[in-house]
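Please consult the sequence and the model shown here.

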Amino acid sequence: MTVPLGGVPLDGHDAVYAALAGAGFTDLWSAEVAGSDAFTPLALAAAWQPSLRLGTAVAPVFTRGPGLLAMSAAALAEAAPGRFSLGIGASSPVLVQDWNATRFAEPFRRTRDVLRFLRAALRGEPVDEVYDTFTVRRFRLERPPTVPPPVLLAALRPGMLRLAGAEADGTILNWLADEDVPKVLGALGERRPGFEVVARIFVCPTEDAGYARTAARRLIATYLNVPAYAEFHRWLGRKSVLGPMWRAWAAGDRRGAAESVPDEVVDALVVHGSPETCRARVRGYVTSGVDVPVLALLPTPELAAGGAAALTTLIAQLGPATSPQG
């Protein structure tokens with residue numbers, strides 16, 4: 001499950017994490033956009049639920065210096081030895097430049113350089129290196145983790161996917177349909193031993209299809225107009241079907257952009273329906289080659305009306321322990 005969940009304060013997530021563990025969820029993966037940072041929700045989970053695996057999806061490579069990113073990862077790896085994975089990614093110009101006042105330049109090379117730095121630093125090695133996009137002088141972690149965390153790379157298109165396959169311990173996918181997974185995995189090339197494929201899957205567990213599609217259209221229009229995601233879906237073959245959305249967005253018509261996303265794209269990219277239907281759809285990603293399907297829970301009318309009790313019930317219904325297939 002993607003954490004933290006909306007509408008629940010961080011100091012109330014102890015009950016959420018307990019419910020997730022009880023329902024059979026194995027992993028908590030944080031997001032980092034403009035809400036909580038990537039590490040704090042996982043630090044709380046490390047203390048509250050010592051059985052759950054933890055991961056960042058993702059920590060941007062531009063918004064922290066390389067040393068600080070290594071220290072944050074090392075601290076969480078020390079708090080949760082053997083059960084933390086560090087997911088990193090390039091992020092986007094809006095998040096990096098507009099919100100964090102940092103230049104977004106050469107995202108592929110910056111991501112590659114940070115990946116290489118982290119792999120050395122998290123092993124406790126001294127790093128004194130001139131990389132293509134930054135220079136690190138005489139850095140060494142004072143508290144290197146006993147168990148260095150795997151480093152996973154968020155990747156969308158062939159160049160970054162090949163880098164992930166060659167040098168990372170896994171990849172993190174986002175905003176794709178289950179039918180897209182084989183093409184994406186085919187671009188990875190040769191993979192490191194134990195390579196893990198993580199995918200965030202947006203889930204709106206309601207049988208009110210009109211509500212789910214309206215919410216999903218707004219989200220799709222917001223995300224898939226980010227240049228990297230737009231190019232991703234052109235590569236996946238959706239150039240013609242998403243063309244009207246891109247043209248409306250470029251013209252400043254945000255409402256028209258959302259309304260132009262066809263039902264088949266909405267239904268492919270955002271899982272919705274009853275909890276049973278959602279579980280079956282998520283299993284489709286696993287069948288297609290995803291090792292760790294990470295649900296990103298969207299708000300529903302039922303959750304808004306039912307509060308904490310409805311959330312607990314929904315977690316139980318969505319959980320792997322509920323499914324006869326596990």
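Strand E9 (170-174) and helices H7 (181-186), H8 (209-223), H10 (239-250) and H12 (263-269) are among the elements that cover the buried residues of H9, contact meaning heavy atoms within 4.5 Å. Helices (H or I, at least four residues) and strands (E, at least two) are DSSP runs, numbered from the N terminus. The model is predicted: local features need pLDDT of at least 70, side-chain atom pairs count only at pLDDT 80 or more, and totals for chains, interfaces and linings use all residues. Residues are numbered from 1 along each chain as its sequence is written, and side-chain values use heavy atoms, without hydrogens and water.

**Helix H9**
- In H9 (residues 227-235), Tyr-229, Ala-230, Phe-232 and His-233 are buried (under 20% relative accessible area; exposed is over 50%, partly exposed in between; 1.4 Å probe, protein chains only).
- These buried residues line one face of the helix, because they fall within an arc of 160° seen down the axis of H9 (directions from the helix axis to the C-beta atoms).
- Gly-237, which follows H9, has a positive phi near 105°.

**Aromatic rings**
- The whole structure holds 9 aromatic pairs (rings of Phe, Tyr and Trp, the last by its six-membered ring, with centres within 6.5 Å; planes under 30 degrees apart are stacked, over 60 edge-to-face, the rest tilted).
- Trp-175 and Tyr-223 form a tilted pair, with centres 5.4 Å apart and planes at 45°.
- Trp-175 is buried at 1% relative accessibility, whereas Tyr-223 is partly exposed at 25%.
- Ring pairs join Trp-175, Phe-202, Tyr-223 and Tyr-229 into a cluster.
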